[in-house]
Amino acid sequence: MHPLLTRNRLGLYLLAWVPLVATSIYVLVTRGTLGWLQATALAVAVFLFYAFLCLSAWYPCRATPLGRVSFIRLLLTHLIAAVLISFVWTQAGGALAYAVLSPEKLDAIRVQFRPQLNSIFTIGVLLYLLSVAFHYVLIAMEDSRHAEAQAVESRVLARDAELKALKAQVNPHFLFNSLNSISALTSVDPAKAREMCILLAEFLRMTLGLGEKSAILLSEELALLERFLAIEKVRFGARLRVEEAIQDESRTLLIPPLLLQPLVENAVMHGIANLPGGGTIRVASQCQDGRLSITIENTFDAESTSTRRGGLGLANVRRRLEGRYEKQSSMQVNTDGDRFRVQLSLPAEPGASPK
Amino acid sequence: MNASAKKIRALIVDDEELARHVVRELLQSHPEVEILAECANGFEAAKAFAEHQPNLMFLDVQMPKLTGFDVLELIGTDVSVIFTTAYDQYAMRAFEVHAVDYLLKPIGRERFEAALERAKSRLGAKMPPAHELAATARPPQQFLERLVVKDGTKVTLIPVTKLDYAEAQDDYVALATQGKKHLKQQTISALETGLNPDCFVRIHRSYIVNLERVVRIEPYGKDSRLAILTDGTRLPVSRAGYARLKALLDERK
């Protein structure tokens, strides 16, 4: 479908022809024998017809996209089209004059314009070529709008995928192990078993709830991590030690939901769980110079050759950061002796302080 | 033989205290089962096994350093094992394939009783070879990351990246790493299946070499060649072995 054939755009396009029509009416009246009425009728008929004829430039323009066909082919295509279209126009112009004008005026016009037919033909060619240029601009605009729409669409798709991933994120291993701990506690320490049930319920509820939002306060994510680590502490006992260094100002900054949870889960699964003597997980955050930096650090088995099994989780976090902040964020992963460290840096977006 | 009259001597191996507690509690109604020890990791388990010679083990699959499969490999297969696992689809598949009993956590009373009954009736029967279990339990496209070797009571873990080459010696393989050799009871073919074929090549009926260690290949005799390793070791290369080696080296170029 031609992009100009909508009511608004067509109106604008035809408006662009008005000066040309006005000029020709003026010329027809002052230089020839036509009265205003007949001059107007002729000019409007001839140029209206040509305006629509020039719209056909869209098709050769589409067929020869700029930059993808050779210049020679481009030139030939449009020149041939211009000559043909202009020829049709001049011939049709004669017919139109025949239709609109009274017989005696028609003869006068014929006498007046026959010698100038070549220049009229040339004007037709030039007008057509102008229309070609105009259509290329139009196509470029359409393309960029289309690309933009596609980008928006892919962003929406990415977000959908992300949400799905988040919902599926509760690790079954974690869930079954927690249930096993509860099952053990029911006889050893029923009060603790109940506490653990509540922790687990809170963790699940928060995971589901936070996953729905596009951004949450760091403090909300930290509350989730607190539940998660409390549950894992029941399982690992003294093997799991937790350190927190959270700067107060950073608590009210916004982050994508469940960004840190997979990192902490990795720290437990690939760090603490592989150490017979256990280790420490350290969560630190601070806000400085408009940047929020978050560090998750854990002890790991440096002797194990285990190739980064947390790779998938880390890649996911990286992708989410890039999707949301583009080049404004960074994620660094490094090991230092028996410490495994993930450092995130993102723009500090203040959120409403929690009630 | 009256199996139920036989005293059962059991070990409980799990790195989580609460998980061990569940098994202990479920065993309380079984006075015929004596709990010899509880172990929090694979090393303790191997040690306790040598010390107490149990005939039944409750063995967690996921443990730090040594997995349940590693433990089984270390202690041999002359013991009834009931594996325990929370969620490990590959391990579960391995148990199904090799008809090994296992319990899913949280462990229910009924399922536990059934497993114990079966274990009693099977006391003295051999377990399937540990490396076969471990091979079935490996997720697809994953290869061994380390090898477990026992020298007497000492357990050594060799990361595969540090393995220079392996040499078949009857029912054993000698694993050469950093100038030392460790003997492991395994066939060289079984070892080969666990190693990443992009890094390790069977250059000879009796040799597997770490590709990273090969410096050059020299002709030797009519039809055979020698592979020279970074530390100067010379290993024989058969004709078929040379073809495999060459294919892999060409691929790397």
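Predicted model: local features only at pLDDT ≥ 70, side-chain atom pairs only at ≥ 80, totals over all residues.
Student: Which way do α1(A) and α2(A) cross, left-handed or right-handed?
Tutor: The crossing of α1(A) and α2(A) is right-handed. A crossing is called left-handed if the near helix is turned anticlockwise from the far one by less than a right angle, and right-handed if clockwise. Helices here are DSSP runs of H or I with at least four residues, strands are runs of E with at least two, and both are numbered from the N terminus.

Student: Thanks! At what angle do helix α1 and helix α2 of chain A cross?
Tutor: They cross at roughly 140 degrees, and the axes of α1 (residues 7-31) and α2 (residues 36-55) of chain A come within 9 Å. The axes are lines fitted to C-alpha atoms, for helices over the stretch in contact, and angles run from 0 to 180 degrees between N-to-C directions.

Student: Which residues meet there?
Tutor: On the α1(A) side they include Leu14(A), Trp17(A) and Leu28(A), and on the α2(A) side they include Trp36(A), Ala43(A) and Phe47(A). Two residues are in contact if their C-beta atoms, placed from the backbone, lie within 7 Å. By class, this contact has 14 nonpolar, two polar and no charged residues. Nonpolar means Ala, Val, Leu, Ile, Met, Phe, Trp, Tyr, Cys and Pro; charged means Asp, Glu, Lys and Arg; the others, Gly among them, are polar.

Student: And how do α7(A) and α9(A) pack?
Tutor: Helix α7 (residues 172-188) and helix α9 (residues 218-236) of chain A pack at about 60 degrees, with their axes 10 Å apart. They are therefore oblique to each other. For the labels, angles under 35 degrees are roughly parallel, over 145 roughly antiparallel, 65 to 115 roughly perpendicular, and the rest oblique. The crossing of α7(A) and α9(A) is left-handed.

Student: What kinds of residues are in that contact?
Tutor: Two nonpolar, three polar and one charged. Asn177(A), Ser178(A) and Ser181(A) in α7(A) meet Ile231(A), Val234(A) and Arg235(A) in α9(A).

Student: Switching to strands: in what order do the five strands of the chain A sheet come?
Tutor: The order is β2-β4-β5-β7-β6 in an open sheet, and the pairing is mixed. Strands pair if DSSP finds at least two bridges between them. β2 (240-246) and β6 (330-336) of chain A are at the edges with a single partner strand each, so one side of each has no neighbour in the sheet. The twist averages 10 degrees from one strand to the next.

Student: How many bridges link β4(A) and β5(A)?
Tutor: Eight, in the antiparallel sense. These two strands form a hairpin with two residues between them, and Asp289(A) in the turn has a positive phi of about 50 degrees. Cys287(A) has Leu292(A) in β5(A) as its bridge partner. Further along, β5(A) and β7(A) pair antiparallel over nine bridges, with Asn298(A) opposite Phe340(A) in β7(A).

Student: Which strands does α9(A) lie across?
Tutor: β2 and β4 (279-288) of chain A, and α9(A) runs at about 165 degrees to β2(A). Helix α10 (residues 261-271) of chain A lies across β4, β5 (291-299) and β7, at about 15 degrees to β5(A).

Student: What about the three-strand sheet in chain B, which order is that?
Tutor: β13-β14-β15, open, with antiparallel pairing. Its edge strands are β13 and β15 (234-237) of chain B. β13(B) and β14(B) form a hairpin with three residues between them, where Gly221(B) in the turn has a positive phi of about 70 degrees.

Student: Last one: how many residues of chain B are in contact with chain A?
Tutor: 19 residues of chain B are in contact with 21 residues of chain A. On chain B, helix α1 (residues 17-27) gives the largest share, six residues. The predictor gives the complex an ipTM of 0.77 and a pTM of 0.67.

Methods
Residues numbered from 1 in each chain as written. Chains lettered and ligands numbered in written order.
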